[in-house]
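Welcome! Take a moment to look over the sequence and the 3D picture below, and then we can walk through them together.

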Amino acid sequence: GRDLHLDPGDTEAVDQGFDLSGVAEPVTVDIDNDSRPENAVYDIGADEVVAGGGGGGLLPLLQAIGED
């Protein structure tokens, strides 16, 4: 499996997502069941960076969606 976790330093994805709270089925948790959004703004991708969290960085996410 691929690591889809973001690193807190991934400024291209952290707090750069669209507001998904108003869609028919709002996205309220990430792949780790962490609440979304963490800082009032969604992160791009399957993971929401939380305080003290982090993961594999942006490259694995881009590879997973074919944007490497």
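Here is a short briefing, starting with the whole chain and then turning to single residues.

Please keep in mind that this is a predicted model. The protein has 68 residues, and 22% of them count as buried. It holds one helix and zero strands.

**The whole chain**

- The accessible surface of the protein is about 4300 Å², and carbon and sulfur atoms account for 50% of that area.
- Among the contacts with a separation of 6 or more, 57% are between residues 24 or more positions apart.
- The helix, α1, covers residues 58–64, and G45 is found in the segment before it.

**The salt bridge**

- How many salt bridges does the structure hold? There is one.
- The partners are the side chains of E48 and R36, which meet at 2.9 Å, counted from N to O.
- Both E48 and R36 lie in the segment before α1, so this pair ties together parts that are 12 residues apart in sequence.
- As a general idea, side chains of opposite charge can pair when their charged atoms come close.
- Are the two partners buried or exposed? E48 is buried, with a relative accessible area of 1%, and R36 counts as buried too because its relative accessibility is 10%, under the 20% cut-off.
- Around E48, leaving aside neighbours within four places in sequence, the contacts include D30, D34, S35, P37, Y42 and D43.

**D43, a charged residue without a salt bridge**

- D43 sits in the segment before α1.
- D43 is buried but has no salt bridge.
- A polar atom of the D43 side chain does lie 2.6 Å from the backbone nitrogen of D15.
- Not counting residues up to four places away in sequence, D43 touches several others, among them L6, A13, V14, Q16, G17 and V49.

- The C-alpha atom of I44 is 6.0 Å from that of Q16, although the two residues are 28 residues apart along the chain.
- G45 counts as partly exposed as well, with a relative accessibility of 33%.
- The C-alpha atoms of G45 and G17 are separated by 8.1 Å, and these residues are also 28 residues apart along the chain.

**Backbone details to look for**

- Most residues other than glycine have a negative phi, and most peptide bonds are trans.
- Which two residues does a cis peptide bond join? They are R36 and P37, with omega at about -10 degrees.
- P37 has its place in the segment before α1.
- N33 is not a glycine, yet its phi is positive, near 65 degrees.
- N33 is found in the segment before α1 and counts as exposed at 58% relative accessibility.
- A40 is another residue other than glycine with a positive phi, near 70 degrees.
- A40 lies in the segment before α1 and, with 72% relative accessibility, counts as exposed.

Terms used:
Residues are numbered from 1 along each chain as its sequence is written. This is a predicted model: local features need pLDDT of at least 70, side-chain atom pairs count only at pLDDT 80 or more; totals for chains, interfaces and linings use all residues. Side-chain values use heavy atoms; hydrogens and water are left out. Helices (H or I, at least four residues) and strands (E, at least two) are DSSP runs, numbered from the N terminus. Buried means under 20% relative accessible area, exposed over 50%, partly exposed in between (1.4 Å probe, protein chains only). Contact means heavy atoms within 4.5 Å. Accessible areas come from the Shrake-Rupley method with a 1.4 Å probe; for residues, only the protein chains shown count as cover. Lys and Arg count as positive and Asp and Glu as negative; His and the chain ends are not counted. A salt bridge is a side-chain nitrogen of Lys or Arg within 4 Å of a carboxyl oxygen of Asp or Glu. A polar contact is a pair of N or O atoms within 3.5 Å; within protein, one must be able to donate a hydrogen and the other to accept it, and residues adjacent in sequence count only if both atoms are side-chain atoms.
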